[in-house]
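Please read them with the structure open.

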Amino acid sequence: MTAWHLDDDALRRYVERTDSLAEGASVEQHLLACEPCRGRVTAAASVIEVSVIDFAAVWESTRDAVEVPRPSVFERLLRAAGLPAQEARLVAVASAFRGVWLVSVAAVLVFAALAAAIGHTRGLWLFLAVAPVVPCLVVAAGYDPRMDPALEPELVTPYPVLRLILLRTIAVLALAVPAVLLFGLVVPGVTAFAWLLPAVGFVAVVLAASTWVSPLRSAVAVSCAWLAAIWLLAGRSGSPDAVLQAPAQAGFLALAAASFSIFLVRRRQLAQLRPWR
Amino acid sequence: MDSRPNDETLLLAVAERDMGAFRTLYERHAGWLAIRLARRCNDRDLVADAIQDTFVAVWQKPRGFRGDGDIAAWLWGIAIRRLVSRLRTRGVAAALFEHAGVAPAAEDQVLLSVEYGDIGQALARLSPEMRAVIQAVVLDGLSAKEAAQLLQVPVSSVKTRLYRAKAHLRAALAEGPS
């Protein structure tokens, strides 16, 4: 630390910008190395008549900027995939990514473990009953206003609702399907993937039905219907093969295609999402 | 010296997410950084944004300071580059502060030439454009590209002006006091 310091005149000239380039450069070089003189310039910055900037306001906004939580891993993943930041936020705030998704995956895990414990045929029935309905329940929860308080302001803001719902559906499936698939591998047999087409079909049904009623309600209805059908089939034949064979799978594919067409045709009705409350 | 924590201590505390230390760091440095930035750019909003960006960057990467040199110099390096980046993203033609806005009185001129010698006079004789380039590249240590963004001119102009300014200075110094 040198004993040399800026004299008051030089300091004033620097702050008021009435100095020469050479003098200013020399002052700046000294400031980098001299804490007391920096303090004097900083003190002068807040008292000169035309203050440079509003330091209190800049501090407020700086603090606000650093206190905003960093985007979640999932959100950053979406942004890395090319989604604009605003849309990534909209997709990521879906409650499905917090509680509902975890609960449903845990449910599948439990059922898969049960299936493995009970034995081959009955375990398979159990798994077939649960796995296809999980994605549609999660999708429904992903944009049902009752499950997601953040949705309402989103629907008020001018934003294509169809796009939001499709984005969220894709995002939910991208998360739910690998998880359920993984648990499907726990279930014995080569039919671990047979539930995929029914699942896609049910998601499409929920999307189509959501143009009339609340998505959660339609998802529950679809789930009950599926559980009842499985119950009947299991009681009659005792073998899960019927569900897994080609005709039944083609039927699910047709169901998915038909429902998705209905959804697209009736997509304008989605603007009425809010009256569900 | 005194019992106040030094900048290194504050920076370590900021790395531990200490908002109080962050505030102290801001209060200690925002002032002179803003004054120095305002000498490069007379758009107050841009300077305010650059100051905010600087401290957000410090909060996010307090360990970016490697411990070499002074923290003040490190902060200045961040701040001037944040300003350049703000200028680039806004695409505004922010008028650079015209340094020779207030002409020093005749007595001051004499004093300056006594105080700073030939180099001060030589610098004073440069055109404002050349002085701006000298300031950005030689005194602020920016690259030609960064200086071009700060001054809103093509990189090639920065290079030519720098070359000519150096030639002028060299000639002026070789000539000796007039």
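1. A residue is called buried here if 20 or more other C-beta atoms lie within 10 Å of its own, exposed if 12 or fewer, and partly exposed in between, with C-beta atoms placed from the backbone. Helices (H or I, at least four residues) and strands (E, at least two) are DSSP runs, numbered from the N terminus. This is a predicted model, in which local features need pLDDT of at least 70 and side-chain atom pairs count only at pLDDT 80 or more, while totals for chains, interfaces and linings use all residues. Residues are numbered from 1 along each chain as its sequence is written, and chains are lettered from A and ligands numbered from 1 in the order in which they are written.

2. Helix H7 of chain B (residues 144-151) is mostly covered, six of its eight residues being buried. These are B:Glu146, B:Ala147, B:Ala148, B:Gln149, B:Leu150 and B:Leu151. Just after H7(B), B:Gln152 has a positive phi of about 60 degrees.

3. In chain B, the axes of helix H2 (residues 19-38) and helix H3 (residues 44-60) come within 10 Å and cross at roughly 140 degrees; axes are lines fitted to C-alpha atoms, for helices over the stretch in contact, and angles run from 0 to 180 degrees between N-to-C directions. H2(B) is therefore oblique to H3(B), given that angles under 35 degrees count as roughly parallel, over 145 as roughly antiparallel, 65 to 115 as roughly perpendicular and the rest as oblique.

4. Contact means that the C-beta atoms of two residues, placed from the backbone, lie within 7 Å. On the H2(B) side the residues include B:Phe22, B:Tyr26 and B:Leu37, and on the H3(B) side they include B:Val47, B:Ile51 and B:Trp59. The residues of this contact divide into 12 nonpolar, one polar and no charged, where Ala, Val, Leu, Ile, Met, Phe, Trp, Tyr, Cys and Pro count as nonpolar, Asp, Glu, Lys and Arg as charged, and the others, Gly among them, as polar.

5. A nonpolar core is a set of buried Ala, Val, Leu, Ile, Met, Phe, Trp, Tyr and Cys residues joined through C-beta atoms within 7 Å. The largest has 61 residues, of which B:Ala34, B:Val47, B:Ile51, B:Leu83 and B:Val133 touch the most other members. H2(B) gives the most to this core, with 10 residues. Apart from it lies another core of 33 residues, among them A:Phe127, A:Leu137, A:Val205 and A:Trp226.

6. Chain A has 15 helices and zero strands, and 38% of its 277 residues are buried. Helix H12 (residues 196-209) and helix H13 (residues 215-236) of chain A pack at about 140 degrees with their axes 8 Å apart, which makes H12(A) oblique to H13(A). This crossing is right-handed. Residues in the contact include A:Val205 of H12(A) and A:Trp226 of H13(A).

7. Where do the chains meet? The contact takes 28 residues from chain A and 34 residues from chain B. Helix H2 (21-33), helix H3 (35-47) and helix H4 (55-67) of chain A each supply at least two residues of the side that touches chain B. H2(A) gives the most, with nine residues. The chain A side divides into 16 nonpolar, seven polar and five charged residues.

Key
A crossing is left-handed if the near helix is turned anticlockwise from the far one by less than a right angle, and right-handed if clockwise.
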